[in-house]
Amino acid sequence: MTIILNISQIWLDTMHSRHMELFFIPAIFLTVTTLLVNPLLLICIFCLQTLRQETRYLLLANTLMADMVFLCLNLAIVICALLGVTVLRIVCELVIAGMITAYCCTILTITFMVVDTYVAVRWPLKYNKLLPPSRTLKIMVGIWLMASMYPISLVIVMEAVGVQAPHQLPLCLVLLSLGSLGLDTTTVGVHLYFAIGVICCFLLILYCYVRLYVVTRTSGIWQQRYSRARLTLLAHCVMLLLYFSPALVFTVELGLFQNNMVSQEVSMWITMSNMSMLMLLPRASSPFLYGLRYREIYHKLTTVLWRRQRLSQVSVQH
C-alpha cells in the first residue's frame, strides 16, 4: 500500500521542478485577506443584539465561519507543501474531512439562505414563528452534522483500507488521498455525493426563486433594471456558481485521475489551479457580495472605522 507514498513524492518533486509553488502566492494572499475581513463581519453580527436575532445574519455568520475553517485547513496544507513538511496520514485524513465538511456546510447554508428569503416573502406574517433564532441555531447544527456525515465515514474507509499504508505522507492533497484508494465504490460514492448535493440544492434554489418571482411579479420589484431584487438574485447566482464550480472540477478531475486518462503533470496543474484559486475565489468574494450588501453591517463597519480614524487624527494632533 505504498502507492500514495510514491505518487505524493513524485508530485512534490514535480511541483518544485515546475515551480508550481507560485500558485501558492495568490492562495496565501486570498486566504489572509479573507481571514482579516470575515472576523470583522462576525464581530458586527454577534456584538449587535438586533443582528443576532435575525435568521439571515445567523446564516451569514455560519457561512463565514465555515469559510474560515476551510481556509485555515487549506492554508495548513499549502504551507506544508511549500515547506516540504511530511504529514501524518491520520492527520491528513482528518484535515481532508474537515475541509469537505466546511465546504459542504457553506453550500448547504447558502442554499438555506435562499429558502429563508422565500419563507420571508411567502409568509411574512408567520415568518418569525416559522424561523425564530432558536430554530435557526438548531438548523445550523443540523447543517454541520449533515455536512460531516460523509467525510467522517470516508475517514473510516480510508483507515480501514490503508492499514498497511505509510504513516507519513510527503504531500497531503484531497485528490491523492481519494484517488489512490483504488476502490470503485469510493469513487462512485464521491461522485454521487457531489452530484446529489448539486442536484438537490439546484432544484431547491430554482423552485424558491421561481415561486418568489410568481408571488412578487405584480409588486414591481423586478421592473427596474438595477433593483435590489435583481441584484440579490445576481449575487446568489454568482456565489452559487463560484462555490459549485470547484466541486464539479474536482469530481471530473478525480474520475480522470482514477482512470489514468490524463498525465500526472496535467492533474497537478488542474489541482493547483483548483485549490489555490478556484476554491478561494468564492470565499474571498463572499464578505463583499453578501456581508457588505446588508445595510446594518455596512453602516456598523463604516461607523467603527470612521470613529477609529477620527480618534487617530485627534491623537496625532495632540
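Tutor: A residue counts as buried when its relative accessible area is under 20%. By that cut-off Phe-70 is buried, because its relative accessible area is 2%. The model is a predicted one.

Phe-70 lies in helix α4, and α4, comprising residues 55-83, packs against helix α2, residues 24-47. The axes of these two helices are 9 Å apart and form an angle of about 150°. Since angles over 145 degrees count as roughly antiparallel, α2 and α4 are therefore roughly antiparallel to each other. The crossing of α2 past α4 is left-handed. The residues of this contact comprise 20 nonpolar, three polar and one charged.

The length of α2 agrees with expectation, because its 24 residues should span 34 Å at 1.5 Å a residue and its end C-alpha atoms are 34 Å apart.

The structure holds three aromatic pairs. In one of them, the ring centres of Phe-70 and Tyr-103 are 5.7 Å apart and the planes stand at 65°, so the pair is edge-to-face. This pair links distant parts of the chain, with Phe-70 in α4 and Tyr-103 in helix α5, residues 89-122, 33 residues apart. Tyr-103 also counts as buried, because its relative accessibility is 6%. Elsewhere, Tyr-118, Trp-123 and Tyr-207 form one aromatic cluster.

Terms used:
Residues are numbered from 1 along each chain as its sequence is written. This is a predicted model: local features need pLDDT of at least 70, side-chain atom pairs count only at pLDDT 80 or more; totals for chains, interfaces and linings use all residues. Side-chain values use heavy atoms; hydrogens and water are left out. Axes are lines fitted to C-alpha atoms, for helices over the stretch in contact, and angles run from 0 to 180 degrees between N-to-C directions. Helices (H or I, at least four residues) and strands (E, at least two) are DSSP runs, numbered from the N terminus. Angles under 35 degrees count as roughly parallel, over 145 as roughly antiparallel, 65 to 115 as roughly perpendicular and the rest as oblique. A crossing is left-handed if the near helix is turned anticlockwise from the far one by less than a right angle, and right-handed if clockwise. Ala, Val, Leu, Ile, Met, Phe, Trp, Tyr, Cys and Pro count as nonpolar, Asp, Glu, Lys and Arg as charged, and the others, Gly among them, as polar. The expected span of a helix is 1.5 Å times one less than its number of residues. Rings of Phe, Tyr and Trp (its six-membered ring) pair if their centres lie within 6.5 Å; planes under 30 degrees apart count as stacked, over 60 as edge-to-face and the rest as tilted. Buried means under 20% relative accessible area, exposed over 50%, partly exposed in between (1.4 Å probe, protein chains only).
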